[in-house]
Amino acid sequence: MTSLGIGHLYQRLFVGPNIHDNGIIGSKIETYSANNYYPYALPINDTINLSDNFQTAFFQKMACRSFGSFGPSNDGGNWYPEMLDNYLGVRFIDEMECYHFGWIRCDVKDEGRTLVIKDYAYETKCDVGIAAGDTIGDTTVPINEINTLDAVVYTFNKILYVKSEEYSGSKLVINNLQGQKLLERDLKENLTIIDLAVFPIGNYVVTIINPQGVLVKEVNIP
């Protein structure tokens with residue numbers, strides 16, 4: 001994007017999410033007049049997950065420079081003046097309020113004036129990270145999900161959320177992948193929230209047993 005200021009010409013490449021909860025990995029620099037956001041140019045195989053610093057601002061500068069009476073100057077941007085086959089690290093939230101992580105492979109050329117988007121990928125599993133450039137995703141053996149209760153189970157920030165209208169008489173059990181029972185609880189309302197901060201990082205199996213049906217789902221604790 002090219003814009004005009006008083007005595008200056010600006011050339012800028014911006015990116016940004018349309019939804020506030022979505023984000024792009026990058027830095028935030030505060031100035032006296034405004035906050036500036038700069039997406040990182042990630043190398044291949046860099047890990048993208050919950051631990052990264054995602055910026056949610058709509059205008060984030062990939063590359064930018066200005067022209068004035070003293071000639072051109074670089075105003076900032078981790079993609080300036082040229083980056084080839086690097087990656088934007090992104091996250092987005094789906095209709096079940098589950099975070100997915102992904103990458104967008106880009107070129108920035110012509111001294112920050114041309115952006116080429118080459119390809120992208122994201123991890124379909126909830127809250128599971130992905131490596132930049134990876135098109136396979138999580139290669140762990142999945143647990144076949146069973147859900148005859150029309151219930152919703154997901155994790156976010158080490159919190160387990162269980163939504164079910166048929167909670168009466170339901171029992172929730174959490175096991176590790178070795179089959180050891182780590183937690184058992186009766187469900188007493190249609191939304192149950194369980195803090196999993198004491199659980200080690202890894203995958204677990206959540207089971208809900210009810211006279212009307214059963215749910216079995218594998219979840220990840222980052």
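User: So, for contacts between residues at least 6 apart in sequence, what share joins residues at least 24 apart?
Analyst: That comes to 57% for this chain. Keep in mind that this is a predicted model.

User: Noted. How many helices and strands are there?
Analyst: The chain has 20 strands and zero helices.

User: And what percentage of the residues is buried?
Analyst: Of the 222 residues in the chain, 41% are buried. As for the surface, the accessible area is about 12,300 Å², and carbon and sulfur atoms account for 52% of that.

User: OK, cysteines. How many disulfides do you get?
Analyst: The count is one disulfide. It joins Cys98 to Cys126, with an S to S distance of 2.1 Å. Cys98 sits in the loop between β9 and β10, while Cys126 sits in the loop between β11 and β12, so to speak two distant parts of the chain, 28 residues apart.

User: Are those two cysteines buried or exposed?
Analyst: Cys98 is buried at 4% relative accessible area. Cys126 is buried too, at 19%, which still falls under the 20% cut-off. Elsewhere, Cys64 has 1% relative accessibility and counts as buried, and Cys106 is buried with 1% as well.

User: Switching to charges. How many salt bridges turn up in the whole structure?
Analyst: The search finds nine. One of them pairs Asp107 with Lys118, where the closest N and O atoms are 2.9 Å apart. Asp107 belongs to strand β10 (residues 99-109) and Lys118 to strand β11 (residues 114-122), so this bridge ties together parts that are 11 residues apart in sequence.

User: How exposed are Asp107 and Lys118?
Analyst: Asp107 is buried, with a relative accessible area of 6%. Lys118 is partly exposed at 36%.

User: What else has Glu184 as a partner in a salt bridge?
Analyst: Two lysines come up for Glu184. Lys171 meets Glu184 at 3.3 Å, N to O. That pair links distant parts of the chain, with Glu184 in strand β17 (residues 181-186) and Lys171 in strand β16, 13 residues apart. Lys181 also forms a salt bridge with Glu184, at 2.7 Å, N to O.

User: Which residues do ring pairs link into a cluster?
Analyst: Phe14, Phe58 and Phe59 form one.

User: What about Phe199 and Tyr204, how are their rings arranged?
Analyst: Their centres are 5.4 Å apart and the planes are at 50°, so that pair is tilted. Phe199 is buried at 11% relative accessible area, and Tyr204 is buried at 6%.

User: Last one. Where does Asn176 sit, and what does Asn176 touch beyond four places away in sequence?
Analyst: Asn176 is in strand β16 (residues 171-176). Leaving out residues up to four places away, Asn176 touches Leu182 and Tyr204. Asn176 and Tyr204 are 28 residues apart in sequence, yet their C-alpha atoms are 4.7 Å apart in space.

User: Is Asn176 buried or exposed?
Analyst: Asn176 counts as buried, at 11% relative accessibility.

Technical notes:
Residues are numbered from 1 along each chain as its sequence is written. This is a predicted model: local features need pLDDT of at least 70, side-chain atom pairs count only at pLDDT 80 or more; totals for chains, interfaces and linings use all residues. Side-chain values use heavy atoms; hydrogens and water are left out. Helices (H or I, at least four residues) and strands (E, at least two) are DSSP runs, numbered from the N terminus. Buried means under 20% relative accessible area, exposed over 50%, partly exposed in between (1.4 Å probe, protein chains only). Contact means heavy atoms within 4.5 Å. A salt bridge is a side-chain nitrogen of Lys or Arg within 4 Å of a carboxyl oxygen of Asp or Glu. Accessible areas come from the Shrake-Rupley method with a 1.4 Å probe; for residues, only the protein chains shown count as cover. A disulfide is a pair of cysteine sulfur atoms within 2.5 Å. Rings of Phe, Tyr and Trp (its six-membered ring) pair if their centres lie within 6.5 Å; planes under 30 degrees apart count as stacked, over 60 as edge-to-face and the rest as tilted.
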